[in-house]
Amino acid sequence: MTKPSLPELLHTAVAAVGGVERPGQVTMAEAVAQAIDDGSHLLVQAGTGTGKSLGYLVPALAHGERVVVATATLALQRQLVERDLPRTVDALHPQLRRRPEFAMLKGRSNYLCLHRLHEGVPQEEEDGLFDPFEAAAPTSKLGQDLLRLRDWSDDTETGDRDDLTPGVSDRAWAQVSVTSRECLGASKCAYGAECFAEAARERAKLADVVVTNHALLAIDAIEGAPVLPQHEVLIVDEAHELVSRVTGVATGELTPGQVNRAVRRAAKLVDEKVADQLQTAAEGFERLMELALPGRLEEIPEDLGYALMALRDAARTVISALGSTRDKSVQDEDAVRKQAMASVENVHAVAERITQGSEYDVVWYERHDRFGASLRVAPLSVSGLLREKLFAERSVVLTSATLKLGGDFNGVGASLGLPPEGTVGTEDEDVPVWKGLDVGSPFDYPKQGILYVARHLTAPGREGSRGDMMDELAELVEAAGGRTLGLFSSMRAAQAAAEELRGRLDKPILLQGEDTLGELIKNFASDPDTCLFGTLSLWQGVDVPGPNCQLVVMDRIPFPRPDDPLMSARQKAVEEAGGNGFMAVAATHAALLMAQGAGRLVRATGDRGVVAVLDPRLATARYGSYLRASLPDFWYTTDRNQVRRSLAAIDAAAKAATAKAATAKSGDAKSGGAKSDDERADETRAADV
């Protein structure tokens, strides 16, 4: 029997999931197979609707070596494990003459801990073991969640938090889960043989395809101790998110509350003198943090330096004492000790990192209205880390709908530690070999969408109400008949717009934060009159095909805040190295978000609508062409009257289609009469758009 060709396998898989084969999907699959075969790296931009999951899964399964697939969102992980992989494996089994195994693997805190569930959480005060099931009133939300978790533990096969429906609060889950540092270890735990996290790891070791998330991939790369099984191929989906997720994992934080928690946890396990040293250091740190002002610390102030050294030294003493003392009077001592050790080690690690100082780290204060001040440290760049840890020993495929910014892949490539495309290594330097590929989209963007830039508006400043922008927004929403997703650069701007338009228009305006994101999106998708306003998670997390999302509005170009310590430090570093910091950092950040935001408009072949950017700089500034080149190839205009007429025509067409479907009547004659040139042009545009 001859080995099946890749196109044959892809055709079989696409049919199995009920999809439609796309030319871009075939091109992508062939490029992925080539990269895997020759051990090179590939960046693939595949637009919405391309079917990119099968575009990488089929060549990966056909290759036969172990593959790790890392995604950014829970939704895609579930789609892969619950839909795409089972159907694809079943369909390809006869042709491959083997049945590839697949498994999901997440960080330990995502799994129910049976020790915590049955033995309780180590209490931080003196009254020993805390039984959350007895302490929480059964009538309270926490009590109900915990009782439901106990019942669920008898039925679940995975112990995976995401398999629990409906979910529970973070507070409830914290009572029944542990971090990797808090875990006793399977050999020391009475429940080790039944452990859900250990079972997931064992399944991953035996699987041909392991589906995980960006955070676990980052932990695997950063911490040195392997979390993921050995693999020959790494596929990173939603790769535009990778740098921010890796940065998040590599960021350390110290807060007074966190340090005081470490003190309480350790106090019962070490002698009074050792505990007092840490307590004194914690009090000194807390006094300083009460006076902390938000912003970057280019140099560590002397008083903060002394406070951090005191914390570091006291934490080190406690760690030594925790490792050498035993106290049988403490109930469930191993768990109490493990939790205390994890807290104190984290305090020591962050204090030591900031005290040592590194030109490659950025340190800053943050202040939160609810949680108070925190001290944070993050890497200036993760590109070197990614280059060393990600691309050195395996073939890597990175894919997303938005990787090509300003017309090429080099901006995203540089953030990942890759040299400019086409760079060839020398005998002295081994550089990662990669290529970028844009397989396009099945959508006809010039006919399905309009990119409208409100050139006539005043440019947004740092402060101010932007009254003309509010007028423009109200007119556009009115013309669209609702059907609007409003993407704002800040929560304050979203709230102001929602408040203003609720007073002006007879349309429901939903606002992020007033309900769960899932409920808001569901309500927005179910009612054409409704608008949904919000910030960052809406720029990337909304998938509403059909006529209920026909206008996507961006209030301004989403540059990072000028006072963002990490972004401004990265921009300054590029400038000091002779580069254009604004373009490399701020413009790239904005281009990525705008490309994601504009991608909310066209989600299916029948979708029509307008992306409206209420920031004239997209039309007038020198960097505007770079940002526009990063967006889908919509028909472009700055004509406000044209856009209003087009929106009204699209709205009328959607209402007519809805009425026709509701009454099950066809062939309703439209009223005739002479039409103006403008009306004929609008009808032509509405038919195209």
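**Salt bridges across the chain**

Tutor: The side chains of Arg 108 and Glu 198 meet in a salt bridge, with 2.8 Å from N to O. The term stands for a side-chain nitrogen of Lys or Arg within 4 Å of a carboxyl oxygen of Asp or Glu. This pair links distant parts of the chain, 90 residues apart: Arg 108 is in the loop between E3 and H5, and Glu 198 is in helix H9 (residues 196–206). Helices (H or I, at least four residues) and strands (E, at least two) are DSSP runs, numbered from the N terminus. Arg 108 has 16% relative accessibility and counts as buried; buried means under 20% relative accessible area, exposed over 50%, and partly exposed in between, with a 1.4 Å probe and protein chains only.

The model is predicted: local features need pLDDT of at least 70, side-chain atom pairs count only at pLDDT 80 or more, and totals for chains, interfaces and linings use all residues. Residues are numbered from 1 along each chain as its sequence is written, and side-chain values use heavy atoms, with hydrogens and water left out.

A second pair is formed by Lys 106 and Asp 160, whose closest N and O atoms are 2.9 Å apart. Lys 106 is in the loop between strand E3 (102–104) and helix H5 (114–119), while Asp 160 is in the loop between helix H7 (141–155) and helix H8 (170–174), so that the pair links distant parts of the chain, 54 residues apart. Lys 106 is buried at 5% relative accessibility, and Asp 160 is buried at 6%.

Asp 438 and Lys 404 form a further salt bridge, and here the closest N and O atoms are 3.7 Å apart. Because Asp 438 lies in strand E13 (residues 434–438) and Lys 404 in the loop between strand E12 (395–400) and helix H17 (410–415), the pair ties together parts that are 34 residues apart in sequence. Asp 438 is partly exposed at 35% relative accessibility, and Lys 404 is partly exposed at 25%. Elsewhere, salt bridges that share partners join Arg 312, Asp 313, Arg 316 and Glu 352 into one network. By the stated rule, the count comes to 36 salt bridges.

Arg 570, in helix H23 (residues 565–576), is buried yet has no salt bridge. Its nearest side chain of opposite charge, Asp 564, is 7.7 Å away; Lys and Arg count as positive and Asp and Glu as negative, with His and the chain ends not counted.
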